[in-house]
Amino acid sequence: MKFYQELTLLPDAEINENHIWSKLYQQLHLALATQMEDGSKGHIGVSFPQYEDGRKVQLGSKLRIFAETEAQLEALAIKKWLQRYEDYIHMTSIRPVPKRVHGYAIYRRYHQEASSMQKARRYAKRHDVSYDEALKLFPQECRDKKVPFVQMHSETNQQKYRLCIERIVQESYQDVGFGSYGLDNQSTVPEF
């Protein structure tokens, strides 16, 4: 990844930062999906420079969009996609990635495991047993790890869902393409 564009959410007294994240990421997802119409992986990845998953879990207020070439970012035309939110988002011009980076990271979609209660409820319904009987079959698990998320809205079925985003620090660069969220299980983006 040689070029990037940085978006910063601007604080607003009337609108919650999570709401802005939701609108921004929905538009980014649509923009990336239009770039991938032939079904192959995309060439644009994202990172969250202020990402925290320790005691405080947050994405922060910055998003970086990466591409191998400046032309790929220009073709994405993210400014056009976010035009109606320009009062809430500051966007830099396309810039080259600095020569010195701290390392690399994978940003991927994280699917949380169903809790033992959810598994028991599903089992009871499918196998015609009581919920209490089914609950005995599933041991209590420790809580799943907490990762930051963006609240999304499906255009297909109109359902709301959480797009949980996990960061995995890596030592080397790897590019096998990105999905329509700008995330991937193997591809890395530079951290700086």
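In strand 7, Arg95 is the bridge partner of Tyr4; two strands are taken to pair if DSSP finds at least two bridges between them. The model is predicted, so local features need pLDDT of at least 70 and side-chain atom pairs count only at pLDDT 80 or more, while totals for chains, interfaces and linings use all residues. Residues are numbered from 1 along each chain as its sequence is written, and side-chain values use heavy atoms, with hydrogens and water left out.

Strand 1 (residues 3-9) and strand 7 (residues 95-96) run antiparallel and are joined by two bridges. Strand 1 is also joined to strand 5 (residues 62-67) by six bridges, again in the antiparallel sense. Within strand 5, Tyr4 has Phe66 as its bridge partner. A further antiparallel pairing, over three bridges, links strand 1 to strand 6 (residues 89-91), where His90 is the bridge partner of Thr8. Strand 1 is largely enclosed by the rest of the structure, because six of its seven residues are buried (under 20% relative accessible area, with a 1.4 Å probe and protein chains only).

The protein chain as a whole contains five helices and eleven strands, which are DSSP runs numbered from the N terminus (helices H or I, at least four residues; strands E, at least two). Of its 192 residues, 38% are buried. Among contacts (heavy atoms within 4.5 Å) with a separation of 6 or more, 69% are between residues 24 or more positions apart. The C-alpha trace spans about 60 × 40 × 40 Å along its principal axes.

Terms used: Buried < 20%, exposed > 50% of the residue type's maximum accessible area, 1.4 Å probe, protein only.
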